[in-house]
Amino acid sequence: KGDLNRAAIILNRITESNSSQVVKEKCEFLIRFIIDSDDREYVAPDIKGIQEKPWLYRGVALDLSGRAANVKHFETGTGFTIMVDYDGKNFRWIARVFTKKTDAVENGEDVNVKGVYITGIGEDKTAYVSSARIKKLP
């Protein structure tokens, strides 16, 4: 299970290297396979690493806890930001989250999110967590 996260990081390094186009295409195929895999281990994020090199963590399964904010409900799901490790005053990181559940969370709720880190979406190449599970915390 845990090897998928390590594999994603290695493949992302190769994709961003000066390797041949054929190698990069094969890495892209494998990264998409990892992103779509159900057999994964969700881990606490390397926040400093993600902030410095977000492209390196594409496809890594993250386990985030914090407070939901900026919740927007769509026909296709719910988008929000999570203030990771929020303690009432401070937080370590803000991550964008999207889930296919339309009523997953409301503003101000404490939640645990398990999802895959995705980069390069849309015109502004936004990074977000594609949520597989959201659990409301007490």
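1. Start with Asn70. Asn70 is exposed, with a relative accessible area of 53%; the cut-off for exposed is over 50%. Asn70 belongs to strand β1. The phi angle of Asn70 is near 55°, which is positive, and Asn70 is not a glycine. Most residues other than glycine have a negative phi. Keep in mind that this is a predicted model.

2. Where does Asp85 sit? Asp85 is in the loop between β2 and β3 (93-99). Asp85 is partly exposed, with a relative accessible area of 36%. That value lies between the 20% limit for buried and the 50% limit for exposed.

3. Now the overall layout. The protein has 3 helices and 5 strands. Along the sequence they come in the order α-α-α-β-β-β-β-β. The radius of gyration is 15 Å, close to the 14 Å that the globule rule gives for 138 residues, so the protein is as compact as a globular protein of that length. The C-alpha trace spans about 50 × 30 × 30 Å along its principal axes.

4. Next, burial, surface and contacts. Of the 138 residues, 39% are buried. The protein exposes about 8400 Å², and carbon and sulfur atoms supply 51% of that area. Take the contacts between residues at least 6 apart in sequence: 54% of them join residues at least 24 apart.

5. Helix α1 (3-15) passes a simple length check. At 1.5 Å a residue, its 13 residues should span 18 Å, and its end C-alpha atoms are 18 Å apart, which agrees. Which residues of α1 are buried? They are Leu4, Asn5, Ala8, Leu11, Asn12 and Thr15. Seen down the helix axis, these buried residues fall within an arc of 125°, so they line one face of α1. An α-helix has 3.6 residues a turn, so residues three or four places apart point the same way. The cover over the buried residues of α1 includes α2 and β1.

6. Helix α2 (residues 21-36) gets the corresponding check. Its 16 residues should span 22 Å at 1.5 Å a residue; the end C-alpha atoms are 23 Å apart, which agrees. Cys27, Ile31 and Ile34 are buried in α2. Down the axis of α2, the buried residues fall within an arc of 60°, so they line one face of the helix. These buried residues pack against α1. What does the face turned away from the buried side carry? That face carries the exposed residues Gln21, Lys26, Phe29, Phe33 and Asp36.

7. Leu56 lies in the loop between α3 (47-52) and β1. Is Leu56 buried or exposed? Leu56 counts as buried because its relative accessibility is 4%, and the limit for buried is under 20%. Leu56 and Ile9 are 47 residues apart along the chain, yet their C-alpha atoms are separated by 5.5 Å. Leaving out residues up to four places away in sequence, Leu56 touches Ala8, Ile9, Asn12 and Arg13. Ala8 and Asn12 are also among the buried residues of α1.

8. Turn to the strands. Strand β1 (residues 61-74) pairs with strand β2 (residues 77-84) in the antiparallel sense, over 7 bridges. A hairpin of 2 residues joins β1 to β2.

9. Strand β3 has pairings with β2 and β5. β2 and β3 run antiparallel and are joined by 7 bridges. Strand β5 (residues 126-136) pairs with β3 in the parallel sense, over 2 bridges. Phe98 figures in both pairings: Gly79 stands opposite Phe98 in β3, and Phe98 stands opposite Ser130 in β5.

10. Last, the two faces of β3. Which residues form its covered face? Trp93, Ala95, Val97 and Thr99 do. Ile94, Arg96 and Phe98 make up the uncovered face. In a regular strand the side chains alternate between the two faces of the sheet.

Notes:
Residues are numbered from 1 along each chain as its sequence is written. This is a predicted model: local features need pLDDT of at least 70, side-chain atom pairs count only at pLDDT 80 or more; totals for chains, interfaces and linings use all residues. Side-chain values use heavy atoms; hydrogens and water are left out. Helices (H or I, at least four residues) and strands (E, at least two) are DSSP runs, numbered from the N terminus. The expected span of a helix is 1.5 Å times one less than its number of residues. Buried means under 20% relative accessible area, exposed over 50%, partly exposed in between (1.4 Å probe, protein chains only). The arc is that of the directions from the helix axis to the C-beta atoms. Contact means heavy atoms within 4.5 Å. The radius of gyration is taken over C-alpha atoms; the globule rule is 2.2 Å times the number of residues to the power 0.38. Accessible areas come from the Shrake-Rupley method with a 1.4 Å probe; for residues, only the protein chains shown count as cover. Two strands pair if DSSP finds at least two bridges between them.
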